[in-house]
Amino acid sequence: MDRRSFLALTLPAAMGVMPAMAQARQPFTVQAVARFDRPWAIGFLPGGWMLVTEKPGRVFLVSQRGEKVPVANVPRVLASGQNGLLDIAASPDFSRSARVFFTYVEPAQGGRLVLARARLTVSGNRAALADLGAVWRQAPGGGGGQPGGIIAFDPRGRHLFLTVGDRMQPASAQDPDQGRGKILRLNLDGSTPRDNPWARQGGIRGQTWTTGHRNPYGLAFAPDGRLWSHEMGPRGGDELNLIRPGANYGWPVVSNGNHYDGRPIPDHATRPDFAGPSLSWAPVISPAGLVFHQGAMFPGWNGSALIGAMSGQALVRAVVGRDGRAAEAERWNMGARIRDVAVSPEGAVWLIEDGRGGRLLRLTP
């Protein structure tokens with residue numbers, strides 16, 4: 001197919017509350033559409049096709065019928081543990097530019113998180129990334145897992161938000177001169193918006209929107225325009241946070257969980273100067289993937305946050321209030337680790353399972 005025909009394609013709570021038990025009865029039908037090798041993210045395109053990333057470093061253009069077209073010219077990634085090829089998202093002007101943004105950990109400097117952009121070209125049954133360029137690189141590089149790397153665009157399509165995990169170096173989350181443990185706000189070309197909280201300070205400080213995050217694998221705007229993020233806690237204390245510019249969410253000084261060796265961490269309530277979570281989970285669910293539902297297929301879910309649970313092996317629906325509080329409304333047992341959640345243009349919910357042979361699932365009423 002040529003680029004023009006491709007672009008036109010259209011195919012058929014309260015903080016600290018204990019979570020709800022997973023429900024076996026599901027208000028949806030689950031259809032397995034395709035399988036992948038350690039898939040990480042789903043990125044829908046305007047016409048209904050999607051891009052799916054695999055952690056070892058592959059991207060596929062995928063139809064809603066499960067047709068898979070490998071995408072060429074993907075950069076080399078450092079694929080180990082939690083690192084590799086991560087998120088992918090269509091640019092707000094994709095219909096005009098065919099541009100996509102994606103994140104990955106490159107081998108340089110001991111493993112460095114990179115935000116990149118490229119044009120998606122399609123010709124016949126072939127697809128490729130062209131005009132590839134880095135928009136942002138983690139400095140200094142290095143670190144363990146917990147890269148973050150989740151992308152979200154503001155509702156007007158003018159700014160890009162990027163989560164950066166602490167890379168298993170907790171103290172770096174409170175270091176204003178390191179990108180680790182932050183949510184960044186950038187212009188689409190990677191420059192710093194003039195109205196960022198610390199824009200005049202330049203560098204990482206100028207790019208920082210919020211700080212004090214551990215391992216944020218979910219970032220999305222709600223229909224009312226507010227930005228939300230979730231992150232994995234240590235031993236307990238997974239969080240769903242309402243993101244407010246300039247706020248510090250406290251990691252590793254406070255957490256609603258404890259260190260893995262059992263040593264306690266002061267709770268958020270002990271430090272009101274830090275922003276506390278709108279909802280936290282103990283035991284953890286290991287959240288990954290976040291989308292706010294809008295669509296006619298599940299009208300009762302509109303405005304709800306849909307969250308994948310990896311250790312919880314579930315799909316979680318949370319409701320959020322105007323007061324910034326959130327509560328888990330429902331949880332459905334999916335029998336597998338759910339890595340990402342997306343909503344297609346017609347309102348179906350799509351999930352992708354973690355691991356080798358992970359299935360791409362379509363959920364309809």
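Predicted model: local features only at pLDDT ≥ 70, side-chain atom pairs only at ≥ 80, totals over all residues.
Biologist: What volume does the largest pocket have?

Modeller: About 1,200 Å³. A pocket is an open set of points on a 1 Å grid over the protein atoms alone, with protein on both sides within 12 Å along at least five of seven lines. Points are joined across faces, edges and corners, and the volume is the space filled by probe spheres set on them.

Biologist: Which residues are closest to its centre?

Modeller: Ile151, Phe153, Ala220, Val291 and Val343. The whole lining has 42 residues. To count as lining, a residue needs an atom within 4 Å of a point.

Biologist: Which strands supply at least two residues of that lining?

Modeller: Strand 2 (39–44), strand 6 (85–90), strand 10 (148–153), strand 14 (216–221), strand 18 (287–292) and strand 22 (338–343). Strands are DSSP runs (E, at least two residues), numbered from the N terminus.

Biologist: How does the lining of the largest pocket divide by class?

Modeller: It has 30 nonpolar, seven polar and five charged residues. Ala, Val, Leu, Ile, Met, Phe, Trp, Tyr, Cys and Pro count as nonpolar, Asp, Glu, Lys and Arg as charged, and the others, Gly among them, as polar.

Biologist: And what lines the second largest pocket?

Modeller: Gln146, Asp166, Met168, Pro170, Arg214, Pro234, Trp251, Pro252, His259, Tyr260 and Asp261. That pocket holds about 170 Å³ of space. Its lining has six nonpolar, two polar and three charged residues.

Biologist: How much space lies in the second largest cavity?

Modeller: About 30 Å³. A cavity is a set of points where a 1.4 Å probe fits but cannot get out. Arg214, Pro234 and Trp251 are among the residues that line this cavity. By class, the cavity lining has three nonpolar, three polar and three charged residues.

Biologist: New topic. Which residues touch the most other members of the largest nonpolar core?

Modeller: Phe101, Leu115, Trp136, Ile151, Leu160 and Leu162, out of 35 residues. A nonpolar core is a set of buried Ala, Val, Leu, Ile, Met, Phe, Trp, Tyr and Cys residues joined through side-chain atoms within 4.5 Å. A second, separate core has 23 residues, including Trp49 and Leu85.

Biologist: What is leucine 162 in contact with?

Modeller: Leaving aside neighbours within four places in sequence, its contacts include Leu115, Trp136, Ile151 and Leu219. Contact means heavy atoms within 4.5 Å.

Biologist: Is glutamate 106 buried or exposed?

Modeller: Glutamate 106 counts as buried because its relative accessible area is 9%. Buried means under 20%, exposed over 50%, partly exposed in between (1.4 Å probe, protein chains only). Glutamate 106 sits in strand 7 (residues 99–106).

Biologist: Which side chains does its side chain make polar contacts with?

Modeller: Arginine 112, at 2.6 Å, and arginine 137, at 3.0 Å. A polar contact is a pair of N or O atoms within 3.5 Å; within protein, one must be able to donate a hydrogen and the other to accept it, and residues adjacent in sequence count only if both atoms are side-chain atoms.

Biologist: What about serine 63, buried or exposed?

Modeller: Buried, because its relative accessibility is 0%. Serine 63 is in the loop between strand 4 (58–62) and strand 5 (68–72). Its side chain has a polar contact of 2.7 Å with the side chain of glutamate 67.

Biologist: Where are the cis peptide bonds?

Modeller: One joins tryptophan 251 and proline 252, with omega about 0°. Another joins alanine 282 and proline 283, with omega about 5°. Proline 283 lies in the loop between strand 17 and strand 18.

Biologist: Why point those out?

Modeller: Because most peptide bonds are trans. Most residues other than glycine also have a negative phi.

Biologist: What phi does serine 286 have?

Modeller: A positive one, about 55°. Serine 286 lies in the loop between strand 17 and strand 18, and is buried at 13% relative accessibility. Glutamine 109 also has a positive phi of about 55°, but is partly exposed at 49%.

Conventions: Residues numbered from 1 in each chain as written. Heavy atoms only, no water. Helix = DSSP H or I, 4+ residues; strand = E, 2+ residues; numbered from the N terminus.
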